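Dear colleague,

I am passing on the structure below, and I would be grateful if you could look through it alongside the notes that follow.

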Amino acid sequence: MAPLRRWLAGDIGHSFRSTPSAMLAALLALACLVAAFGAPWLAPHDPFDLSTLELGNARLPPAWQDGGNTAFVLGTDDQGRDILSALMYGARISLVVGLASVALSVLIGVTLGLLAGFLGGWIDALLMRLCDVMLSFPAILVALLIAGVGRALFPNAPGSLAFGVLILSITLTGWVPYARTVRGSTLVERQKEYVQAARVTGVAPLAIMRQHVLPNVMGPVLVLATIQVATAIITEATLSFLGVGAPPTSPSLGTLIRIGNDYLFSGEWWITLFPGLVLVLIALAVNLLGDWLRDALNPRLR
């Protein structure tokens with residue numbers, strides 16, 4: 001608890017405590033994380049256990065409506081899965097895919113951006129032209145292409161491989177903003193006195209990039225990564241809605257929205273509404289945290 005108290009007493013902690021929207025977003029994000037990763041213990045039902053599903057319980061309305069069942073507070077989907085339990089497990093899938101794809105994008109983008117900005121020359125030109133090519137394609141189109149090719153090459157692949165293809169498809173275009181951001185910051189940092197002093201004393205270029213330049217360019221990366229988590233989660237939901245994301249047997253948020261869309265005009269609105277609401281809340285919380293972090297890390301606004 002001591003590190004937490006020191007953080008709260010610092011500049012960023014004071015900014016956090018004085019920003020109600022950031023505190024609300026943090027509480028909302030924490031609630032989503034606890035519900036998602038604690039789903040095996042907190043969820044009232046297991047949507048992956050096919051032996052517990054009954055078609056007689058399919059498309060039951062929420063418990064407060066006529067025909068509802070108190071065992072299914074938010075109703076059920078077309079297979080009789082409890083919507084509340086499916087939301088908790090589905091949020092876990094969306095968060096894992098979003099966090100993993102952003103982490104991989106940061107690793108690739110920061111590495112390439114450091115090399116391009118610090119070394120310059122043909123390496124810089126080659127990597128920036130590669131970024132330009134990647135930016136010329138819509139991210140969702142590239143993700144659809146990679147996910148579709150992966151499904152075609154491995155039609156009987158296990159769920160873990162399907163999630164790997166999904167993370168790769170989101171990462172393929174997600175690394176570009178980090179590379180361009182880090183490259184621009186590195187071009188500024190490499191001209192400063194502390195980098196020149198390290199070069200004069202014989203420090204290796206790799207050590208200079210890792211020990212001196214990298215810590216000073218991570219501020220914008222943290223802000224961008226926070227916001228990109230929401231984008232990655234929405235991209236995963238979009239791919240699942242289109243049928244090329246998470247496997248159909250996995251109740252991800254996008255899959256639940258797609259299933260509910262088939263029954264929306266017949267009155268089963270809850271199958272679509274609740275997953276869509278959870279998706280909006282997660283994206284809103286992450287974006288609010290990203291906006292606060294951007295202002296907190298800006299020394300001109302302190």
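**Cysteines and a helix pair**

Cys32 is buried, with a relative accessible area of 16%, where buried means under 20% relative accessible area, exposed over 50% and partly exposed in between, for a 1.4 Å probe and protein chains only. Cys131 is likewise buried, at 0%, and a search of the whole structure finds zero disulfides, a disulfide being a pair of cysteine sulfur atoms within 2.5 Å.

Please bear in mind that this is a predicted model, in which local features need pLDDT of at least 70 and side-chain atom pairs count only at pLDDT 80 or more, while totals for chains, interfaces and linings use all residues. Residues are numbered from 1 along each chain as its sequence is written, and side-chain values use heavy atoms, with hydrogens and water left out.

Turning to the helices (DSSP runs of H or I, at least four residues, numbered from the N terminus), the axes of α10 (residues 205-242) and α11 (residues 253-263) come within 7 Å and cross at roughly 40 degrees; axes are lines fitted to C-alpha atoms over the stretch in contact, with angles from 0 to 180 degrees between N-to-C directions.

At this contact (heavy atoms within 4.5 Å), Ala237, Ser240 and Phe241 in α10 meet Gly254, Thr255, Ile257, Arg258 and Asn261 in α11.

Within α11, the buried residues include Leu253, Leu256, Ile259 and Gly260, and the buried residues of this helix pack against α5 (83-119), α10 and α12 (270-296).

Conventions: Helices (H or I, at least four residues) and strands (E, at least two) are DSSP runs, numbered from the N terminus.
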